[in-house]
Amino acid sequence: MKQIEKQIEKQIEKKIIKLRPHHLLCTQGYSGKGYSDDFVVTMDKVTEKLRNDRNAQVEIVFSTDNLCKNCPSKVAEGICESDEKVIRFDNGVIKALDLKEGVYSYQELIARLDQYLISGDEDERLQEICGDCEWYPVSACWKNIKCRKYVF
Ligand code: SF4
């Protein structure tokens, strides 16, 4: 097993996973592609945990998180080179859920978020939040959310 995989597994075992708000969407849509090999390994491990553990808890942070940690776009703690875009995505999710920083059940959050998103006209509500994301046409975001694929 690669060193980075071991590190990520240890982090996941010990701690509640830190997630920035729009990563409640990415963790549902992720389809195995990402910004770099290390980022993909991180996404694989984190999504495996969140998609299979019905009791998984997440700490919502309005900043960089456990997924940003191995992303080439992370500039420094709390700073992403795409901040203009990703903070806008975060704000869309914060508004949809009236979200505050803190610890939550991942299941409870995605159940509420997906219900909000599927109550619009097709994917218009998701488009409003992150329709200009480069991964939107690549990943399975709307497809998975629409059928509530990861909601137990
Ligand atoms: S692009 Fe920015 S917000 Fe997205 S994972 Fe990378 S550092 Fe985090």
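## Overall architecture

The secondary structure of this chain comes to 7 helices and 5 strands, where helices (H or I, at least four residues) and strands (E, at least two) are DSSP runs numbered from the N terminus. The structure is a predicted model, in which local features need pLDDT of at least 70 and side-chain atom pairs count only at pLDDT 80 or more, while totals for chains, interfaces and linings use all residues. Residues are numbered from 1 along each chain as its sequence is written. Read along the sequence, the elements follow the pattern α-β-α-α-β-β-β-α-β-α-α-α.

Along its principal axes the C-alpha trace spans about 45 × 35 × 30 Å. Among contacts with a separation of 6 or more, 74% join residues 24 or more positions apart, a contact being two residues whose C-beta atoms, placed from the backbone, lie within 7 Å. Buried residues make up 32% of the 152 residues; a residue is buried if 20 or more other C-beta atoms lie within 10 Å of its own, exposed if 12 or fewer, and partly exposed in between, with C-beta atoms placed from the backbone.

An open sheet of 3 strands has the order β1-β2-β5 with mixed pairing, two strands being paired if DSSP finds at least two bridges between them. Because β1 (17-19) and β5 (102-105) stand at the edges, each with a single partner strand, one side of each is left without a neighbour in the sheet. The twist averages 40 degrees from one strand to the next, with axes being lines fitted to C-alpha atoms, for helices over the stretch in contact, and angles running from 0 to 180 degrees between N-to-C directions.

Strand β2 (residues 57-60) pairs with β5 in the antiparallel sense over 4 bridges, and I60 has G102 in β5 as its bridge partner. Helix α5 (residues 106-118) packs on the sheet, where α5 touches β2 and β5 and its direction makes about 75 degrees with that of β5.

## Ligand surroundings

The ligand is surrounded by T64, L67, C68, C71, S73, K74, C80, S82 and V86, a residue being near a molecule or strand if its C-beta atom, placed from the backbone, lies within 6 Å of it. By class, this shell has 5 nonpolar, 3 polar and 1 charged residues, with Ala, Val, Leu, Ile, Met, Phe, Trp, Tyr, Cys and Pro counted as nonpolar, Asp, Glu, Lys and Arg as charged, and the others, Gly among them, as polar.

## Residues outside the helices and strands

In the segment after α7 (141-146), V151 is partly exposed, with 17 C-beta neighbours inside 10 Å. Not counting residues up to four places away in sequence, V151 touches Q107, I110, A111 and D114. V151 and E108 are 43 residues apart in sequence, and their C-alpha atoms are 8.6 Å apart in space.

S31, in the loop between α2 (23-29) and α3 (37-52), is in contact with S139 and A140 when its neighbours within four places in sequence are left aside.

Most residues other than glycine have a negative phi. E122, which is not a glycine, has a positive phi of about 45 degrees; E122 lies in the loop between α5 and α6 (124-130) and is exposed, with 10 other C-beta atoms within 10 Å. R148, also not a glycine, has a positive phi of about 50 degrees, and R148 lies in the segment after α7.
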